[in-house]
Amino acid sequence: MTMAVQSSFKNMTLCLFAVCIVSSALLAAVYAVTKEPIEAANHAKTINAIAQVVPEFEGDPALSTIEVGGKEYSYYTVSKAGEPVGYAITSSATGYGGAVTLMVGITSDRVIYNTTVLSQAETPGLGAKCTEPEFADQFKGFNPARKKLSVKKDGGDIDAITASTITSRAYAKAVETAVTVFDSITAANTADVDAASGATSECGGQEAENQETK
Amino acid sequence: MGKIQLITKGFVKENPTFSLLLGMCPTLATTTSAINGMSMGLATVFVLVLSNMAISATAPYIPDKVRIPAYIVIIAAFVTILQLVMQAFTPDIYETLGLFIPLIVVNCIVLGRAEAFANKNSVVDSACDGIGIGIGFTFALTLLGLVREILGSGSAFGYKFITGDGILVFVLAPGAFMALAYLIVLFKKVTAKKGE
């Protein structure tokens, strides 16, 4: 079929301009319509993940961030009857096929309640088995004060997935990071309490200033 | 050519996967299970039908020299729409297919149909062509996914019928090539008989 429109400079410019304008207008409309459902879906997913890794709680988990070792970690504080019962901490470590990102739930007594994988790109059938209970359930009720958070090959207490030591290491590493983050959170909280009661300690100085400016 | 023929030709004679060997990237990568293959196929059908129709309707007004960029923008727009809609309403499937949804933009099947068919035919014919080729692609991906899932994980459509592992290699990349090769041989054998 012969083209009805000549390929003159003016025609080409006009045509591409029109195509782009119409496409972007269409996209803007779809974006506006899907914005809320996407947010709702993401929110539901997060809440779901939190509910899996911490004990029963009330109200909406509160999102906060904390800086540990130059990296920023986000965590959710869940509470029941006004008392914080635990934290759901997002942490990740590099596995075999990229980052393995976990949500790690740690109760106030520094025991890991449960863990869940938020995203991973490990090999299906090998490393991807880290999402299965056979491996992941080892971390349920894991007390890092009594056992060592690394695979048995490295002298720890975690049974690695067969032929997927790198993934297992990454998983253990991410959980370990979460414990470190937990320690920083509790340290910051204690400092907060100290600051509120008027006591000034060296590490609480920063928080005390923050309290005043609020 | 009748409308029915337009639809059926994509299934056998011009089957994009088994006959034309187009769109190998999503074919090999997403078919780790039957469900994944089918979702990828259906996502492509959506884009293929809409882009075929849009391109067929606008082709007379697009100057020849800029037709490829214009087609790509149209296709990319539909892919992004699909991506947003999937993210909103089927987040689980969106997560599994992940990167391969945006990659539909550069899937040669879609641009191939625009160039070879949609820009010279009517909107209705182009829609039929899109449905035909798309269903052929979906069929091929589902079949490949099913074979790999049965051999590799010992399950079909997520329903597990053996305990323990399958032949692991079929879930991994090399298994995709092997399974696809055997399916193509089988397909050629069946269609060669028919063709006589």
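I call a residue buried if 20 or more other C-beta atoms lie within 10 Å of its own, exposed if 12 or fewer and partly exposed in between, with C-beta atoms placed from the backbone. My strands and helices are DSSP runs numbered from the N terminus (E, at least two residues, for strands; H or I, at least four, for helices).

A note on the model: it is predicted, so I keep to pLDDT of at least 70 for local features and 80 or more for side-chain atom pairs, while totals for chains, interfaces and linings use all residues. Residues count from 1 along each chain as its sequence is written, and chains are lettered from A and ligands numbered from 1 in the order in which they are written.

**The sheet**

I traced an open sheet of five strands in chain A, ordered S1-S2-S3-S4-S5 with antiparallel pairing. S1 and strand S5 (112-119) of chain A stand at the edges with a single partner strand each, so one side of each has no neighbour in the sheet. I take two strands as paired if DSSP finds at least two bridges between them. S1(A) and S2(A) are joined by eight bridges, and Leu63(A) stands opposite Tyr76(A) in S2(A). Their hairpin has two residues between the strands, and there Gly69(A) takes a positive phi near 60°.

**Val78(A)**

Next I picked Val78(A), in strand S2 (residues 71-80) of chain A. Buried or exposed, I wondered, is Val78(A)? Val78(A) is buried, because 24 other C-beta atoms lie within 10 Å. Phe57(A) is 21 residues away from Val78(A) in sequence, yet their C-alpha atoms are 6.1 Å apart. Beyond four places in sequence, the contacts of Val78(A) (C-beta atoms, placed from the backbone, within 7 Å) include Ile50(A), Val54(A), Phe57(A) and Pro61(A).

**Between the chains**

I then turned to chain B: 25 residues of chain A are in contact with 27 residues of chain B. The chain A side divides into 17 nonpolar, seven polar and one charged. Here Ala, Val, Leu, Ile, Met, Phe, Trp, Tyr, Cys and Pro count as nonpolar, Asp, Glu, Lys and Arg as charged, and the others, Gly among them, as polar.

Key:
Two residues are in contact if their C-beta atoms, placed from the backbone, lie within 7 Å.
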